[in-house]
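Here are some friendly notes to read alongside the structure.

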Amino acid sequence: MYKLQFLVLLSSLVALVAAQGSRNNTSKWQTLKGGPPLVIARGGFSGMFPDSGQYAYQLAVQIGLPNGVVWCDVQLTKDGVGICFPDLRLENGSNIDTIFKNGSNTYPVNGVPMRGWFSVDFTLNDLEPVNLKQRIYSRAPNFDATPQQILAVEDVVDLAKPPGLWLNVQHDAFFSLHNLTMRTFIISVSRRVVVNYISSPEVNFLRSIIARFRTSPTKLIFQFLGPDDVEPSTNQTYGSLLRNLTFIKTFASGILVPKYYIWPVDNSLYLQPHTSVVSDAHKAGLEVFASNFGNDAALAYNYSYDPVAEYLSYIDNSDFSVDGVLSDFPITPSEAIDCFSHMGKNEKEQVKLLVISLEGASGDYPGCTDKAYSKAISDGVDVLDCPVQMTNDGIPFCLGSINLRDRTNVDETDFSNLATSNPDLNIDSGIYAYNLTWSQIQSTLKPAIYNPYVNFSLYRNPNARSDGNFMQLSDFLAFARNASSVSGVLISIENAAYLAEKQGLGVTDAVLDALSKAGYNNQTAKKIMVKSRDSAVLRKFKSTSNYELVYLVDEDIRDITNSTISEIKKFASSVVITKTSVFPIDEAFLTSQTDVVPKLQAFGFPVYVQIFRNEFPSQPWDFFSDPYVEINTHVSVMGINGVITDFPATAAKYKRNRCLGYKEVPMYMSPVLPGSLLVLMAPQLLPPAEAPNPILSENDVVEPPLPSVVEKPPTTNTGNGSTAPGPTPRNGQPTIVASMIISCIAILTTLLLC
């Protein structure tokens, strides 16, 4: 049943991709032969399905470039059959340890004893009941119970029909110890199927077969392991062999190297200058293939968690291009090669999509700083945003949270003793923007980059964790107005009622005043957008301005009634919704799509969706850990009008990719089908059904009018979080003078004591 469902799903994709190829032939590639680089799918689409399984191979073929190559790690069974399996030990990728509980053995591997379940102890027939499973624990295990047998090499060709086949022989010496000859198998299988590439990290194995393949189109590739690892045939390290490429050329036509051989990364996960490996190999007449690519692996911070950016650094730079990449996610290098390479920032936009920043480029710099805003502009953002907070002395400024602990280093300062809970704001322990004056914020606090995925050990640009300067709203407006490429600004206002009623701060009036003083009311060049989840805020602006008023629906909803939309129409002109309100998810798998977007658009509302991020945990599994697939599905399927993102470079690049302009959009730039992965899971591994999201009703959007701004509470030194006392160090002596009155009292006291 599962195979039939998957084949039906794939067949719907074939027509889209069959006639497609890399049409990016306008620029000279810097590969050895001048053509586009190859995409080699390691074990098929092993980033999604169990490595070397039928599903992985078939999806890789259907979703990749038509000249794509599938990779098979060849192991030999007891009866000499070559199977595709990613590890010498079969328990690392299958359930063999539960099928043959007593089937483990200990054998020497490269001189080191290793215990496990080895293919040399089983015939192909023995392996028939064994099922493949996901071998990387951070990836979805939901397909482990779906029947997928270990495949012989010929099975891969028959089932997937790949355009190209790459056989990797990792342990020839090991199989020789068990009286199995990999050379005999490789030569035999090459007579039955077309083998395009054969690779091995063992010099003697490649030397043993070179005579057979010298005049054939099959290419022999020498695989480099770690630079300090020792190659068994020559007893030299791979690092030393890299310095003798003329020797490699005597038995191979190319080399396969880990990607860090080309772009080294330091201990802090930042790129170092590229090496000369590619240019040296090309001078020696060797092709260069780079390995170890995976969308869900740690990337150098320079790439801003954008996997396409990483691929482009290997195939599209001014100095070199590798001849191919070995990837667990073949969809992404296919995009990089055909859709995004050789593309300038002034490339024609292929789709109309408003790119709205989230605190500037806050994925690269602390949000709402001059650094984040400058980066967003250089990245190609359309609308620059400012979430407005209010200081104790009534200054509006830009910061992503009213809680200073979320976006500043306030906990490292003497203001840390101001932490209190605030039930009105649903904050258990906070130090609030209204606790401090603008002078105190400027002189004492530093910005802090926001890291939403620390639970996955993913951090944003640590070298810039506190870079940049805070900006008053007035400075932000002037900054945005001088940016010619920016089409508008979005001002976000939250907690207006609380600030007016409890803190004596009128944020709406402060914003109106700042916009007026900045000259935004007397111009038409920049769009002015005001966003809030509080309809009362938008109603106030509607009565006093002509801005685009954006209503934020920040809860996940499954539907919205027409009467609710009519109510929103009374105070807003556009709407922001969450990604889950577009495509509901269950344990990070898409389950369906809602009608929320088309319903809102039918009433004339532009719909903007938030929050799009590059880090792979932010994307449901269906999007293959690829932010471009996620954006494209929202745009192509639902026709959303804009995205709100803390990585505006990604969305801006997506708009310009050439594949969207093709008459037939290739599969690697086609949207995914929500729920399509669920049908491939065994019932026991389906995500448990979750309670449905609510329907947005009229009562949810109707708010009481904003209260009048009360008289500001008097400033005291109680430090209870409701006022703005100066910081107090551990010795109890004041370090900052909060007002002229306190200064005068201090001076008079000193004179009296004298």
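1. Strand E1 (38-42), helix H2 (54-63) and E2 each supply at least two residues of the lining of the largest cavity. E1 gives the most, with three residues. Please keep in mind throughout that this is a predicted model.

2. How many residues line that largest cavity? There are 13, and Val39, Ala41, Ala60, Gly68 and Val69 lie nearest its centre. By class the lining has 10 nonpolar residues, three polar and no charged. The volume of the largest cavity is about 80 Å³, and the structure has three cavities of 30 Å³ or more.

3. Now for the open spaces. The largest pocket has a volume of about 1,000 Å³. It is lined by 48 residues, and the closest to its centre are Leu358, Arg533, Gln610, Ile611 and Arg613. Two or more lining residues come from each of strand E15 (354-357), E16, helix H14 (404-407), strand E20 (488-493), E27 and helix H22 (627-638). Which of the elements gives the most to this lining? That is E16, with four residues. The lining of the largest pocket divides into 21 nonpolar, 13 polar and 14 charged residues.

4. The second largest pocket holds about 540 Å³ of space. Of its 27 lining residues, Arg42, Asp73, Pro86, Gln170 and Gln223 lie nearest the centre. E2 and strand E13 (287-293) are the elements that give two or more residues to this lining. Its classes are 10 nonpolar, nine polar and eight charged residues.

5. Next, the disulfides, of which the structure holds three. One joins Cys72 to Cys84, with an S to S distance of 2.1 Å. Cys72 lies in strand E2 (residues 69-76) and Cys84 in strand E3 (residues 82-84), so this pair ties together parts that are 12 residues apart in sequence. The link of Cys72 and Cys84 is left-handed, with -100° about the S-S bond. Both of these cysteines are buried.

6. Another disulfide is formed by Cys339 and Cys659, whose sulfur atoms are 2.0 Å apart. How many residues apart in sequence are the parts that this pair ties together? The number is 320, because Cys339 lies in helix H12 (residues 331-340) and Cys659 in the loop between helix H23 (648-656) and strand E29 (695-696). With -90° about the S-S bond, this link is left-handed. Cys339 and Cys659 are both buried.

7. Cys386 and Cys398 are also joined, with 2.0 Å between their sulfur atoms. Here Cys386 belongs to strand E16 (residues 383-390) and Cys398 to strand E17 (residues 396-398), so the parts tied together are 12 residues apart in sequence. Their link is left-handed, at -105° about the S-S bond. Cys386 is buried, with a relative accessible area of 0%, and Cys398 is buried with a relative accessible area of 0%.

8. If the bonded cysteines of the chain are numbered in sequence order, the pairing reads 1-2, 3-6, 4-5. Cys368 is in no disulfide, and the nearest cysteine sulfur, that of Cys398, is 5.6 Å away. A disulfide needs sulfur atoms within 2.5 Å, so that distance is over the cut-off. Is Cys368 buried or exposed? Cys368 is buried, with a relative accessible area of 0%.

9. Strand E24 (residues 574-578) is worth a look too. Five of its five residues are buried. In a regular strand the side chains alternate between the two faces of the sheet. In E24 both faces are covered, with Ser574, Val576 and Thr578 buried on one side and Val575 and Ile577 buried on the other.

10. What are the partners of E24? Strand E22 (residues 548-552) runs parallel to E24 and is joined to it by three bridges; here Leu552 stands opposite Val576. Strand E27 (residues 607-612) is also parallel to E24, with four bridges between them, and Thr578 stands opposite Gln610 in E27. Gln610 is also among the residues closest to the centre of the largest pocket.

11. Last, a helix. In H20 (residues 562-569), Thr564, Ile565, Glu567 and Ile568 are buried. Seen down the axis of H20, the buried residues fall within an arc of 160°, so they line one face of the helix.

Terms used: Residues are numbered from 1 along each chain as its sequence is written. This is a predicted model: local features need pLDDT of at least 70, side-chain atom pairs count only at pLDDT 80 or more; totals for chains, interfaces and linings use all residues. Side-chain values use heavy atoms; hydrogens and water are left out. Buried means under 20% relative accessible area, exposed over 50%, partly exposed in between (1.4 Å probe, protein chains only). Two strands pair if DSSP finds at least two bridges between them. On a 1 Å grid over the protein atoms alone, a cavity is a set of points where a 1.4 Å probe fits but cannot get out, and a pocket is an open set with protein on both sides within 12 Å along at least five of seven lines; lining residues have an atom within 4 Å of a point. Grid points are joined across faces, edges and corners, and a volume is the space filled by probe spheres set on the points. Ala, Val, Leu, Ile, Met, Phe, Trp, Tyr, Cys and Pro count as nonpolar, Asp, Glu, Lys and Arg as charged, and the others, Gly among them, as polar. The arc is that of the directions from the helix axis to the C-beta atoms.
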